[in-house]
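Hi there,

Here is the structure I promised to pass on. Please have it open while you read my notes.

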Amino acid sequence: MSAKSPEDRILAAIRAIPHGQVAGYGEVAHRAGLPGRARLTARILSQNDDPALPWHRVLRSDGRIAFPEGSKAFREQSQRLRAEGVKVEGGRVKRPRKADDLDAALWGPGPR
DNA sequence: AGCGTGACCATGT
DNA sequence: TACATGGCCACGC
């Protein structure tokens, strides 16, 4: 059967991140069935060459962009995130907490 | 085999 | 929130 390599799993986990949402490196690794391999995720992304991979949805665990502020990649990532409705301020991503998310679900873009 | 480096993380202060 | 420390794992020299 398909004995997938860790790389394939991580890539799949990243592709599984919904539009407008973000995830941490460790979180991605965990979802890929590789707990504790956050650095592996980072390395995969640095080596990836798939333009269809939503790498911009992957951030550090504290919601910060993993690039130095002002760098090219940094601007690229923040811009893409904003294009998906994610707020980015000071190199940090305002990620909706559960409570805020619930609020948004009730009063925000949802039905009614 | 040892050492340094890296798109990291959890914990403590 | 910011900084320091220890841990993790893969790669190159």
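First, some housekeeping. This is a predicted model, in which local features need pLDDT of at least 70 and side-chain atom pairs count only at pLDDT 80 or more, while totals for chains, interfaces and linings use all residues. Residues are numbered from 1 along each chain as its sequence is written, chains are lettered from A and ligands numbered from 1 in the order in which they are written, and side-chain values use heavy atoms, with hydrogens and water left out.

**The chain**

Chain A has 5 helices and 4 strands; these are DSSP runs numbered from the N terminus, with helices being H or I of at least four residues and strands being E of at least two. Along the sequence they come in the order α-β-α-α-β-α-β-β-α. Of its 112 residues, 30% count as buried. Here buried means under 20% relative accessible area, exposed means over 50%, and partly exposed is in between, using a 1.4 Å probe and protein chains only. The chain exposes about 7,800 Å², with carbon and sulfur atoms supplying 50% of that area; the areas come from the Shrake-Rupley method with a 1.4 Å probe, and for residues only the protein chains shown count as cover. Among contacts with a separation of 6 or more, 53% are between residues 24 or more positions apart, where a contact means heavy atoms within 4.5 Å.

**DNA strand B**

I call a residue near a strand if one of its heavy atoms lies within 4 Å of it. Of the atoms of DNA strand B that come within 4 Å of the protein, sugar and phosphate account for 39%. By class, this surface has 7 nonpolar, 3 polar and 2 charged residues. In that scheme Ala, Val, Leu, Ile, Met, Phe, Trp, Tyr, Cys and Pro are nonpolar, Asp, Glu, Lys and Arg are charged, and the others, Gly among them, are polar. Helices H2 and H3 each supply at least two of the residues, and H3 gives the largest share, with 5.

- Arg39 places a polar side-chain atom 2.9 Å from a base nitrogen of DNA strand B.
- Gly26 has a polar backbone atom 3.3 Å from a phosphate oxygen of DNA strand B.
- Ser61 has a backbone N or O atom 3.0 Å from a phosphate oxygen of DNA strand B.

**DNA strand C**

Around DNA strand C you will find Arg37, Arg39, Leu40, Arg43 and Arg92. Sugar and phosphate make up 86% of the atoms of DNA strand C that come within 4 Å of the protein. This surface has 1 nonpolar, no polar and 4 charged residues, and helix H3 (residues 38-47) gives the most to it, with 3 residues.

**Salt bridges**

The structure holds 4 salt bridges, each a side-chain nitrogen of Lys or Arg within 4 Å of a carboxyl oxygen of Asp or Glu. Here are three of them.

Arg57 and Glu84 are joined by a salt bridge of 2.9 Å, N to O. This pair links distant parts of the chain, 27 residues apart: Arg57 is in the loop between H3 and strand E2 (58-59), and Glu84 is in the loop between helix H4 (72-83) and strand E3 (87-89). Both Arg57 and Glu84 are buried.

Arg80 and Glu76 form another, at 3.0 Å, N to O. They sit 4 residues apart in helix H4, about one helical turn. Arg80 is partly exposed at 31% relative accessibility, and Glu76 is partly exposed at 34%.

Glu27 pairs with Arg31, with their closest N and O atoms 3.5 Å apart. Both lie in helix H2 (residues 25-31), again 4 residues and about one turn apart. Glu27 is partly exposed, with a relative accessible area of 33%, whereas Arg31 is exposed at 55%.

Best wishes

How values were computed: Polar contact = N/O pair within 3.5 Å; in protein donor to acceptor, adjacent residues only side chain to side chain.
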